[in-house]
Amino acid sequence: MTASHDQIKFAYWVPNVSGGLVISKIEQRTGWDIDYNRRLAQIAEDSGFDYALSQIRFTAGYGAEFQHEPVAFSHALLAATKKLKVIAALLPGPWNPAVAAKQIATISQLTEGRVAVNIVSGWFRGEFTAIGEPWLDHDERYRRSEEFIRALRGIWTQDNFTFRGDFYRFSDYTLKPKPAHPSPEIFQGGSSRAARDMASRVSDWYFTNGNSVEEIKKQVEDIRAKARANNHSVKIGVNAFAIARESEAEARAVLDEIIAKADPEAVTAFGHEVKNAGKASPEGQGNWAKSSFEDLVQYNDGFKTNLIGTPEQIAERIIALKEVGVDLVLLGFLHFQEEVEYFGRRVIPLVRALEAKTTVHAQAAE
Ligand SMILES: Cc1cc2nc3c(=O)[nH]c(=O)nc-3n(C[C@H](O)[C@H](O)[C@H](O)COP(=O)(O)O)c2cc1C
């Protein structure tokens, strides 16, 4: 059995970019400003959410007209909360690991170690061009991200850190102060071969796009087998766009409306960009490799995970994910504040009750 005995964790996407998480003209009662987000973070920690994940975008495209910078924004959310962990997105290239390590170490010191990082490898070529960053091939982007992660970890845990990579070099470098103990957790996004191989070597957490339980199971088995061979352990987070309503029909109607009001030009252009970004991934297993028009209406294939229905149906589907080895569910919503509160009140307690039952069964069988 691959399921962890630990409780499954919940994270939400921080709406630090405008336009929400679906490329649709449906009404979204979600703000990207700091006041909305501070309140959202407080609601989330009171509702049983463990983590908030910020996003890094440098330019608009397919919605997302305004984008707040994620490290500064994450710190503001940490300052407004007491126990929530906030994951700051970092994009190697624009970010240099020496600056990132220092910035995050300071935030960690100021927030009792509640900051984590998500190393993203990039999919938006137009954005790189706009800020004068060279656009590397798909697998090269991951080679750079892996060096970035090794550098962060080295700086955070060692004195006199020396590293000779192709992208980054450090000589006898000692960071003081180091982050609060334990070191910030390192998440990564991506599901291509290169992304999985990187996770199985260096990341604490692997984040993947939404998918069916069967497809997630294949990814988990693949990564865990490789990680074991590397003497490394990695936890798994899966994206989902949650639509929890008192009846299944109501929830399905919301999904239908999101898709009916999708902006076809923006969705098609986004699909073109992400598929192009993954092209150099030779095996064709990257995020979005198989995404349909409908899937692409949600930026990270979140409808595919099918957390759409009643609280009971959603809780059961979360347990099914846990049973194939998923450790965390990352959630997007249409109306964040209202729905995070509802999810915490109606869905998380059902998940906890089901988990308690499973643990009792497992103990009886031992
Ligand atoms: C949960 C999650 C969060 C991500 N956040 C960002 C982000 O904030 N900014 C960004 O440019 N890319 C982000 N990405 C994209 C990934 O870093 C990666 O570039 C993309 O998934 C390509 O994956 P592939 O290797 O499977 O083709 C995210 C991906 C996932 C799964």
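User: Over how many bridges do strand 3 and strand 4 pair, and in which sense?

Analyst: Two strands pair if DSSP finds at least two bridges between them. Strands (E, at least two residues) and helices (H or I, at least four) are DSSP runs, numbered from the N terminus. Here strand 3 (residues 85-90) and strand 4 pair over 5 bridges in the parallel sense, with Ala88 opposite Val117. The β-α-β crossover from strand 3 through helix 3 (residues 97-110) to strand 4 is right-handed: with the strands pointing away from the viewer, the path from the first strand over the helix to the second runs clockwise.

This is a predicted model, where local features need pLDDT of at least 70, side-chain atom pairs count only at pLDDT 80 or more, and totals for chains, interfaces and linings use all residues. Residues are numbered from 1 along each chain as its sequence is written, and side-chain values use heavy atoms, leaving out hydrogens and water.

User: Which strand does strand 4 join by 3 bridges?

Analyst: Strand 7 (residues 186-189), which runs parallel to strand 4. Asn118 stands opposite Phe187 there.

User: Are the residues of strand 4 buried or exposed?

Analyst: Buried means under 20% relative accessible area, exposed over 50%, and partly exposed in between (1.4 Å probe, protein chains only). In strand 4 (residues 115-119), 5 of 5 residues are buried. Val115, Val117 and Ile119 point one way, Ala116 and Asn118 the other.
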